[in-house]
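Here are some notes on the backbone and packing of this model. Please read them alongside the coordinates.

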Amino acid sequence: MILIDTDDSSFYYDIQSLTGEFFPGEEIKEKEKRETGAPGPRLSISVHFTDRVVSVSADYWRETGEISDQGLPKMEKRSQNGTALIKDIDRPEVKNRLKRVLYDVLSKVTGQTLPWGTLSGIRPTKLVLSRVEEGMPPEEIEKDLYNTYYLSPEKTDLAIEIAEREHEILSSVPYKDGWSLYIGIPFCPSICLYCSFSSYPIAKYEEKVSAYIKALDHELAEVAEMTKGHPLTSIYIGGGTPTSLSADQLSKVLESIHRHFDFSTVAEFTVEAGRPDSITPEKLRVMKEADVERISINPQTMNDKTLEVIGRSHRAADIERAFGQAREAGFVDINMDVIVGLPGEGRCELAHTIAGITKLRPDCLTVHSLARKRAARLTEEWEKYADTSFENSEMYMKMFEHAARAMGMVPYYLYRQKNMAGNLENTGYALPERPCLYNILIMEEKQPIIACGAGGASKYTIDGTKTDRSENVKDPEEYISRIDEMIERKREKLKELTWL
């Protein structure tokens, strides 16, 4: 356990987030919220402010590798402190100086450095893109990012490469007056071990699917009315696994979208086909006839043993079958997702996955670093996996980068999450002509993303600066019964932001 003591709670989230980067998955609490009689903390952090300085101190207890006479691991205590001047500077700079001194203290007591430095948010490339848009030269960006955030040269180079590519892509798309549509289908053949999304086994909800599609149609109709006069840039159907619907059900959803929205400005239409055990030639035909241009077939791994461990009912051969069927159906823009850090996987297993992906040659490859999410079954059943390795490293991520580049792909978007294996990132690679526009728009917060369906989270971005959110309920039955409430949430937010 980690305890944080600070006399300015407005900075608590920043302290907690950066501490969590050094100790992913560790329980972090405010000192006053510690339960009476709880075991002593592994790390104790104190952060105190005056009008001139911020002071940070840390006491860290770690095992020495030796055993005491009582048969217990010997512990040693490491302590470190530091200060930073904060007089006569604005709050953003106070936060940056606080995080730098906290980083210095934690780095010294743990002996660790972080590839992304003090950055603990999910959109590091957003900082870089703003500098690219301002015309700042790459060498100045690198210096600025190191001085402000301690970014490593490797991550800075990656972020600059991606930001420059995003800038080029966005320059060719009239996105500023438009918006994008996300549609959530919250059903899956089964729920994966690591999944924290709003996903429900479709076998248990078969009797509710028709009602869900009807409620979704109602929400889409209302959103179409609210957004009249604003061009629709991209559509992304995710979940869950949208192709867990039957071909007829999927056709009804796609027909509903075409009925309500003007496609004349739509630059991209994506469906997460996702699980190969949900893909059939008939569903592929339905999507193709509905002008879906881009699909994802997401193996996560090409190792049968791992697929079984993470709760998937298909095998690597099914991935190859589904991919071949998609090519035969005429899809020329196929993404594949993989996860690095899955249980029991090391270099050999990852090399096997890379060989399988390379054989299929998708148009995009999204490489995720496993994130241990609070709502995932992996976290709830963590004790079952105490002796299982969850490995990730810069070397493993480089293996996939080299494979992607060997297939002619380049990195085009990136994001991070809390509790990621190896404190690394998720990176999307694509052939130069096949980047996913929706991924860039949502990650860089360049326009409103309006989300329909259970679990959808709408983001309202105006002029790339002001953002707000409204969320739909996650449970499909609640979504059906409260659909008008979901619609009104959107209506009110759009009015608040004067986007109508």
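1. A term to begin with: helices (H or I, at least four residues) and strands (E, at least two) are DSSP runs, numbered from the N terminus. On that numbering, arginine 361 falls in the loop between helix H12 (347-360) and strand E13 (364-369). Keep in mind that the model is predicted.

2. Look at the backbone of arginine 361. Its phi is positive, about 55°, although the residue is not a glycine. Arginine 361 has 42% relative accessibility, so it counts as partly exposed.

3. Glutamine 300 also deserves a look. It is not a glycine, yet it has a positive phi of about 70°. Its place is the loop between strand E11 (294-297) and helix H10 (304-309). Glutamine 300 counts as buried because its relative accessibility is 8%.

4. Check the peptide bond from glycine 239 to glycine 240. It is cis, with omega near 15°. Glycine 240 sits in the loop that links strand E9 (232-239) and helix H8 (247-260).

5. Next, a helix pair. Helix H7 (residues 209-226) packs against helix H17 (residues 483-496) at an angle of about 20°, and their axes are 10 Å apart. H7 is therefore roughly parallel to H17. The crossing of the two helices is right-handed.

6. Which residues of H7 and H17 meet? From H7 come Ala215, His218, Glu219, Glu222, Val223 and Met226. From H17 come Ile483, Asp484, Met486, Ile487, Lys490, Arg491 and Leu494. By class, this contact of H7 with H17 has seven nonpolar, one polar and five charged residues.

7. Now the sheet. Five strands make up an open sheet with mixed pairing, in the order E2-E1-E3-E4-E5. Strand E2 (28-30) and strand E5 (73-85) are the edge strands, and each pairs on one side only. On average, neighbouring strands of this sheet are turned by 20° against each other, direction ignored.

8. Strand E1 (residues 2-6) and strand E3 (residues 43-49) pair in the parallel sense, over five bridges. Opposite isoleucine 2 stands leucine 43 in E3.

9. Finally, the helix on the sheet. Helix H2 (residues 91-110) lies across E3, strand E4 (53-67) and E5. H2 runs at about 155° to E5.

Note on methods. Residues are numbered from 1 along each chain as its sequence is written. This is a predicted model: local features need pLDDT of at least 70, side-chain atom pairs count only at pLDDT 80 or more; totals for chains, interfaces and linings use all residues. Side-chain values use heavy atoms; hydrogens and water are left out. Axes are lines fitted to C-alpha atoms, for helices over the stretch in contact, and angles run from 0 to 180 degrees between N-to-C directions. Angles under 35 degrees count as roughly parallel, over 145 as roughly antiparallel, 65 to 115 as roughly perpendicular and the rest as oblique. A crossing is left-handed if the near helix is turned anticlockwise from the far one by less than a right angle, and right-handed if clockwise. Contact means heavy atoms within 4.5 Å. Ala, Val, Leu, Ile, Met, Phe, Trp, Tyr, Cys and Pro count as nonpolar, Asp, Glu, Lys and Arg as charged, and the others, Gly among them, as polar. Buried means under 20% relative accessible area, exposed over 50%, partly exposed in between (1.4 Å probe, protein chains only). Two strands pair if DSSP finds at least two bridges between them.
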